[in-house]
Amino acid sequence: MLFRGTMPKFAPGGRRPMSPGNRAGLGAALVLLAVVSAVELVDGPSAHFVGLLAAVPFVAAVFAAWQMVVGVGVLATVVGAVFVGAAGTDDVAGLVNLMGIILATGVAAAGATIRERQADRIAELLRLAAVAQQAVLRPIGPQVGSLAIAGRYISATAAADIGGDLYEALNTPYGVRIIIGDVRGKGLDAVRLASIVLGSYRHVAYERADIKSIVADLDRAVARSVGDEDFVTAALVEERGGTLTIVNCGHPAPLLLRRGQVIPLEPPAPAPPLGFMPEVKARVERLEPGDRLLLFTDGLGEARREGEFFPTADRAWRLLGHGTVGDGLASLETALHDWVYGRLEDDIALVLLEYAGPDGGAAVSVPSWEVGAAGS
């Protein structure tokens, strides 16, 4: 992707290389021109098939730039004129066909111009989407506290709409705290709400001792910023002293990868998304060295081909259990694109973390609110 201020590359000799689209359009148009010319030559001196040359600029316009379309149209007109001239000056039908080729060239060039402008607009939207996502989502990892961690954002290929998926990992006085969430809807409104949630989280994660209080703060921030039908699903994770605490607000359950097994960490009780005043109950797990945890948005669960969903739980250990956490996410993304034939319908946010075990330092006490939290 070219950003403003970058210089396009040129071929040796100062000539700009022909784009793949121009090559495809020119090649298809020349093939059609050659076929029509061959048929005309076989047919004899009468110009019976010259009118077919009007299709040549239209074929070029499917892929090529308007300048290339005009060039191909001029060439088709010249070839047609040669056949009409050979047929005799009184061939009125041939002259009409020539006028048709000229008219077709103009129409095809106009169509190519419109196509190019739409393509430029989509490219600009994609660039702006990437910039907006980079402004909202900061890189995380490779190490946050006692956790190796990696994040990945996979943009949908079905449209240029900006998604509202979000994630963040912070090393706070209360342990490593992670959030992953998904804003309802798409577009700039979704990015705006995602930025509000992340901005609030980056503040209250350092201020609130109880992770449930963070949920309440985020819920108020969402409620102040959206309408009655807007919401944000989210899962909040805290690791401290090898104890994992998870609260879930209508979000897909994280997957715990342990010794070849994949364990969905479902919440003790369901809770609505942020914006609907969720009353959350925490799930507490004791981590073991080598445990990995996958957090993801619902775009992963909805990825499918021919009606069959991507088997995340069945393939999670094989894809995510090797190498670094970054390697695991790269493998998952590759397998996902293969599954959907490179076409995703929704954005996906992924966070993979690994607990290496105690670092040998002083033991960190388990927060008092986590004791018995699973049954609260």
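This is a predicted model: local features need pLDDT of at least 70, side-chain atom pairs count only at pLDDT 80 or more; totals for chains, interfaces and linings use all residues.
Strands β7 and β8 run antiparallel and are joined by four bridges. Two residues lie between the strands of this hairpin, and Arg 259 takes a positive phi there, near 50°.

## The sheet around it

Let's step back to the sheet. Six strands make up an open sheet in the order β1-β2-β13-β10-β7-β8, and the pairing is antiparallel. Its edge strands are β1 (143-144) and β8 (261-264), each of which pairs on one side only.

If you want a residue pair to look at here, take Ala 150, whose bridge partner in β13 is Leu 352.

## Helices on the sheet

Which strands does helix α8 touch? Helix α8 (residues 312-320) packs on the sheet in contact with β7 (255-258), β8, β10 (292-296) and β13, and its direction makes about 50° with that of β7. Helix α9 (residues 325-339) lies across β2, β10 and β13, and runs at about 25° to β2.

## The α5–α6 pair

Now for helices that pack on each other. The axes of α5 (residues 188-204) and α6 (residues 211-225) come within 10 Å and cross at roughly 150°. Angles over 145 degrees count as roughly antiparallel, and α5 and α6 are therefore roughly antiparallel to each other. Their crossing is right-handed.

On the α5 side, the contact is made by Arg 192, Leu 193, Ile 196, Val 197, Ser 200, Tyr 201 and Val 204. Helix α6 contributes Ile 214, Asp 217, Leu 218, Ala 221, Val 222 and Ser 225. The residues of this contact divide into nine nonpolar, two polar and two charged.

## The α1–α3 pair

How are α1 and α3 arranged? Helix α1 (residues 20-43) and helix α3 (residues 66-87) pack at an angle of about 10°, and their axes are 10 Å apart. Since angles under 35 degrees count as roughly parallel, that makes α1 roughly parallel to α3.

From α1, the contact involves Asn 22, Leu 26, Ala 29, Leu 30, Leu 33, Ser 37, Glu 40 and Leu 41. Their counterparts on α3 are Met 68, Val 72, Leu 75, Ala 76, Val 79 and Phe 83. Here the residues divide into eleven nonpolar, two polar and one charged.

Key
Residues are numbered from 1 along each chain as its sequence is written. Side-chain values use heavy atoms; hydrogens and water are left out. Two strands pair if DSSP finds at least two bridges between them. Contact means heavy atoms within 4.5 Å. Axes are lines fitted to C-alpha atoms, for helices over the stretch in contact, and angles run from 0 to 180 degrees between N-to-C directions. Angles under 35 degrees count as roughly parallel, over 145 as roughly antiparallel, 65 to 115 as roughly perpendicular and the rest as oblique. A crossing is left-handed if the near helix is turned anticlockwise from the far one by less than a right angle, and right-handed if clockwise. Ala, Val, Leu, Ile, Met, Phe, Trp, Tyr, Cys and Pro count as nonpolar, Asp, Glu, Lys and Arg as charged, and the others, Gly among them, as polar.
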